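Take a walk through the model shown below.

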Amino acid sequence: MLFKKINLLLTGILIIILFFNIQFYNDWMTGKVLNVNNNMLDQMQNLDTNFRKSYRWGGSYLAFQDIKNKLVKAGGPNVTLLLPTTEYLRAQGVNDMDMVEPAVFYYFTGINAVWANSPDVARANWALITLKGRGASLKKIQQKSDLDTLVTEYKKYIKYL
């Protein structure tokens with residue numbers, strides 16, 4: 001009986017070792033679990049939710065929080081933001097920002113967002129626009145023709161229509 005338990009224990013340990021020798025899972029283990037930057041003491045000393053989110057997600061979280069603050073200040077609570085795709089941003093020369101899905105944007109900010117191929121695109125009253133070489137900015141959509149122009153431009157860069 002004891003021999004059988006030891007064999008099962010050693011077999012389980014061997015399977016775990018072999019599992020984490022696969023490159024994908026080894027990268028996950030070293031990147032997420034054994035990460036030097038993931039210091040438990042730092043996290044215990046800073047229990048603020050915003051600090052932890054910015055610590056975990058970095059620059060994109062901070063950029064989206066900045067967008068949120070500007071939209072809440074200028075647009076009030078009923079804002080729906082039209083988001084471009086990352087491919088559109090690259091075509092416009094914005095290389096330091098990656099765009100997330102509208103659901104992820106909502107998770108980060110609490111602000112509704114849509115893509116150009118969304119069924120609710122008509123609700124968009126703000127847009128994230130880019131000017132060649134000048135970065136991204138926010139623009140209030142005043143007329144339906146402005147929205148149609150932006151949707152037509154953004155749809156060119158959506159891969160799965």
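Lysine 156 is exposed, at 56% relative accessible area; exposed means over 50%, buried under 20%, and partly exposed in between (1.4 Å probe, protein chains only). This is a predicted model, in which local features need pLDDT of at least 70 and side-chain atom pairs count only at pLDDT 80 or more, while totals for chains, interfaces and linings use all residues. Residues are numbered from 1 along each chain as its sequence is written, and side-chain values use heavy atoms, with hydrogens and water left out.

Lysine 156 pairs with glutamate 153 in a salt bridge, with 3.3 Å between the closest N and O atoms. The term requires a side-chain nitrogen of Lys or Arg within 4 Å of a carboxyl oxygen of Asp or Glu. Glutamate 153 is partly exposed, at 24%. Side chains of opposite charge can pair when their charged atoms come close.

The structure holds 4 salt bridges. Another of them joins aspartate 148 to lysine 144, at 3.2 Å between the closest N and O atoms. Both residues sit in helix 8 (residues 144-155), 4 residues apart, so about one helical turn separates them. Helices (H or I, at least four residues) and strands (E, at least two) are DSSP runs, numbered from the N terminus. Lysine 144 is exposed at 60%. Aspartate 148 is partly exposed at 35%.

Next, turn to aspartate 98. Its side chain meets that of arginine 90 in a salt bridge, 2.1 Å from N to O. Aspartate 98 is partly exposed at 47% relative accessibility. Arginine 90 is also partly exposed, at 31%.

Arginine 52 lies in helix 4 (residues 49-57). At 35% relative accessibility, it counts as partly exposed. Setting aside residues up to four places away in sequence, arginine 52 touches Gln43, Met44, Asn46 and Leu47; contact means heavy atoms within 4.5 Å. Aspartate 42 is 10 residues from arginine 52 in sequence, and their C-alpha atoms are 9.7 Å apart.

How far can the model be trusted? The mean pLDDT of the protein is 84, and 95% of its residues reach 70 or more. pLDDT is the predictor's confidence in each residue, from 0 to 100. Confidence is highest in helix 1 (residues 2-19), at a mean of 93, and lowest in helix 3 (residues 40-45), at 74. Where pLDDT is low, the predicted coordinates should not be read in detail.
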